[in-house]
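Then we'll walk through it together, one spot after another.

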Amino acid sequence: MQHAKDVPFTFEVSVPEATMSRYDNHLTRRLSSMKGQYADREAYAAMLEQEDMLLYEVYETKRPEVAGELLHGLSILHPGKVGREYFMTKGHFHTVLETAEVYYCLKGEGMMVMETPEGDWAVEELRPGRVLYVPPRWAHRSVNTGTEDLVTFFVYPGHSGHDYGTIETQGFCKLVIEENGRPKIVDNPRWRPREKT
Ligand code: F6R
Ligand code: ZN
């Protein structure tokens with residue numbers, strides 16, 4: 001994409017509203033795009049039959065997808081659950097594994113579930129004012145454990161790309177479910193260590 005006016009620019013990310021004043025791409029993801037991702041398959045099917053709910057939205061500033069650029073925007077994950085599992089993003093590895101990402105939480109309560117191809121895992125809490133650094137090689141998925149939108153501002157290298165397929169096959173090794181009104185991290189029964197390539 002050619003940028004006629006490739007000059008410095010500014011925009012506001014308003015706090016506490018957690019909105020972005022300037023963007024040129026708005027992506028939406030609905031329940032139907034999360035097939036096979038929630039542990040409770042019956043609850044998922046029953047919810048989908050009722051309504052193909054909007055789960056999350058991304059507002060992006062479009063930039064060329066090349067090394068040297070920084071892609072950035074807002075991710076807005078709505079609250080809710082499928083069975084006992086909280087609403088979450090699809091999650092992905094970056095296609096160029098050796099690329100990192102920074103998240104800044106503006107609103108809501110949540111967790112970032114992360115893992116490496118080698119099977120290391122980490123879960124970090126997201127809350128307003130908290131910055132999360134996702135190092136190169138770590139797949140990442142946001143989970144909304146609260147009752148309002150979970151809003152994060154993200155920045156990552158332009159050439160990163162997104163590999164959704166690896167996660168789609170068996171999910172992350174950890175799930176975040178509600179137990180006695182509180183989030184709990186549990187093993188994903190479908191997950192197996194990845195074959196070494
Ligand atoms: C970009 C990134 C975020 C997510 C967004 C939606 O690399 O990590 O902008 O893209 O939170 O999640 P996914 O892409 O997993 O559907
Ligand atoms: Zn990412």
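This is a predicted model: local features need pLDDT of at least 70, side-chain atom pairs count only at pLDDT 80 or more; totals for chains, interfaces and linings use all residues.

Residues are numbered from 1 along each chain as its sequence is written, chains are lettered from A and ligands numbered from 1 in the order in which they are written, and side-chain values use heavy atoms, with hydrogens and water left out.

Find the zinc ion (ligand 2). Its protein donors are His 92 (NE2), His 94 (NE2), Glu 101 (OE) and His 140 (NE2), at 2.0 to 2.3 Å. Donors here are N, O and S atoms within 2.8 Å of the metal (3.2 Å for Na, K and Ca), and since water is not among the atoms, sites may look incomplete. The arrangement is octahedral because the 6 donor atoms around the zinc ion (ligand 2) subtend angles of 74 to 173°. For six donors, that label requires opposite ones to be over 155 degrees apart and all others between 65 and 115. Along the chain, the donor residues follow the spacing H-x1-H-x6-E-x38-H. His 94 sits in the loop between strand S7 (85–86) and strand S8 (101–107), and His 140 in strand S12 (residues 139–144), so the pair ties together parts that are 46 residues apart in sequence. Strands are DSSP runs (E, at least two residues), and helices are too (H or I, at least four), numbered from the N terminus. Both His 94 and His 140 are buried, meaning under 20% relative accessible area (1.4 Å probe, protein chains only).

Now for ligand 1. A polar side-chain atom of Tyr 56 lies 2.5 Å from one of its oxygen atoms, and for Ser 75 that distance is 3.0 Å. Gly 91 uses a backbone N or O atom instead, 2.8 Å from an oxygen atom of ligand 1. The protein covers 96% of the 390 Å² of accessible area that ligand 1 has on its own, by the Shrake-Rupley method with a 1.4 Å probe.

Next, is Tyr 103 buried or exposed? Tyr 103, in strand S8, is buried, with a relative accessible area of 7%. The C-alpha atoms of Tyr 103 and Tyr 133 are 6.5 Å apart, although 30 residues separate them along the chain.

Last stop: Gln 170, in helix H2 (residues 165–170). Gln 170 is buried as well, at 12% relative accessible area, and its side chain reaches the backbone oxygen of Arg 192 at 2.7 Å.

Definitions and conventions. Four donors count as tetrahedral if all angles lie between 85 and 135 degrees; four count as square planar and six as octahedral if opposite donors are over 155 degrees apart and all others between 65 and 115; anything else is irregular. Buried means under 20% relative accessible area, exposed over 50%, partly exposed in between (1.4 Å probe, protein chains only). A polar contact is a pair of N or O atoms within 3.5 Å; within protein, one must be able to donate a hydrogen and the other to accept it, and residues adjacent in sequence count only if both atoms are side-chain atoms.
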